[in-house]
Amino acid sequence: MLAIHYSGWEIAGSFIGITGIGNSNWYIFTILVMYLVSYLAAVALKDNYKAIAMAVTVCSVAYVVIAQITGLPSRFVSTVVTYALGMWIAVYKDELERLLKKKSLISLLVIVIPILLTYKLRGNDFIMNLNSCFFVLLVVWFMAHFETRSNILYFLGKHAFSIYILQRLPMLIISYFYTPAGVMNYVFVAMCLLITVGFAVVFDHLLKKVDRMIIKT
């Protein structure tokens with residue numbers, strides 16, 4: 001209906017995210033790689049969580065290096081090291097929270113200064129990863145000091161992945177039939193957001209049913 005055509009290779013590659021068919025494929029490919037690395041590290045190192053985190057860290061950096069050599073687009077690797085950082089945060093959660101609360105100002109400066117220093121250098125994948133890691137730590141700092149309760153944020157967080165992966169569908173469909181201009185751009189964004197949220201709720205509901213079918217078998 002939309003007159004969009006993809007080659008067999010593009011369709012086959014989209015199942016692992018190495019190619020895209022209108023969706024943000026880079027995230028799918030990268031997260032599958034990191035899930036595989038995490039699984040292998042967990043199998044090999046058992047309950048040694050620090051060793052697992054270290055193995056995933058090394059592999060995430062190696063992934064950036066391989067991407068540089070093979071010419072993989074930056075979007076595939078620009079924030080991948082934050083995945084490994086999340087593991088370290090989980091391992092040292094209590095100690096990190098105490099440190100951030102006890103040394104509030106110093107820890108904030110230690111986090112913010114590198115963000116500012118590397119902000120304009122983010123064109124380099126390694127620096128972008130470094131900048132992203134400090135940004136994650138900034139979020140953790142705020143979470144250690146402030147508590148936010150919001151039904152809207154909870155709802156969006158609950159459906160975050162589905163919203164992210166489905167967001168382009170309404171954009172493609174609506175823009176095929178109508179090209180917004182001027183103030184209608186805002187209407188276009190609002191419509192896409194509402195439709196995407198609707199898609200995400202239905203999508204997550206169906207996935208739960210699929211999960212129950214798979215678990216039963």
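What is the handedness of the crossing of α6 and α7? It is left-handed; a crossing is called left-handed if the near helix is turned anticlockwise from the far one by less than a right angle, and right-handed if clockwise. I will come back to that pair after some background.

This is a predicted model, in which local features need pLDDT of at least 70 and side-chain atom pairs count only at pLDDT 80 or more, while totals for chains, interfaces and linings use all residues. Residues are numbered from 1 along each chain as its sequence is written, and side-chain values use heavy atoms, with hydrogens and water left out.

First, the overall picture. The protein chain has eleven helices and zero strands. Helices here are DSSP runs of H or I with at least four residues, strands are runs of E with at least two, and both are numbered from the N terminus. Along the principal axes, the C-alpha atoms of the chain fill a box of roughly 55 × 45 × 45 Å. Of its 217 residues, 29% count as buried; buried means under 20% relative accessible area, exposed means over 50%, and partly exposed is in between, with a 1.4 Å probe and protein chains only. Among contacts between residues at least 6 apart in sequence, 63% join residues at least 24 apart, where contact means heavy atoms within 4.5 Å.

Back to α6 and α7. Their axes come within 9 Å and cross at roughly 150°. That makes α6 roughly antiparallel to α7. For the terms, axes are lines fitted to C-alpha atoms, for helices over the stretch in contact, and angles run from 0 to 180 degrees between N-to-C directions. Angles under 35 degrees count as roughly parallel, over 145 as roughly antiparallel, 65 to 115 as roughly perpendicular and the rest as oblique. On the α6 side the contact includes L108, I111 and I115, and on the α7 side it includes F134, L138 and W141. By class, this contact has 13 nonpolar, five polar and no charged residues. Nonpolar covers Ala, Val, Leu, Ile, Met, Phe, Trp, Tyr, Cys and Pro; charged covers Asp, Glu, Lys and Arg; the others, Gly among them, are polar.

The next pair is α3, residues 49-70, and α4, residues 81-91, which pack at about 165° with their axes 8 Å apart. So α3 is roughly antiparallel to α4. This crossing is left-handed too. Among the residues that meet are A53, V56 and V64 from α3, and A84, M87 and W88 from α4. The contact of α3 with α4 has twelve nonpolar, two polar and one charged residues.

Now the core. The largest nonpolar core has 26 residues, and V56, Y63, V77, V80, L100 and I111 have the most contacts inside it. Such a core is a set of buried Ala, Val, Leu, Ile, Met, Phe, Trp, Tyr and Cys residues joined through side-chain atoms within 4.5 Å. The elements giving two or more residues to this core are α2, α3, α4, α5, α6 and α7. Helix α7 gives the largest share, six residues. Leaving aside neighbours within four places in sequence, Y63 touches F29, T30, V33, L72, F76, V77 and V80.

Last, two tyrosines. Y119 lies in the loop between α6 and α7 and is partly exposed, at 48% relative accessible area. Y154 sits in helix α8 and is exposed, at 59%.
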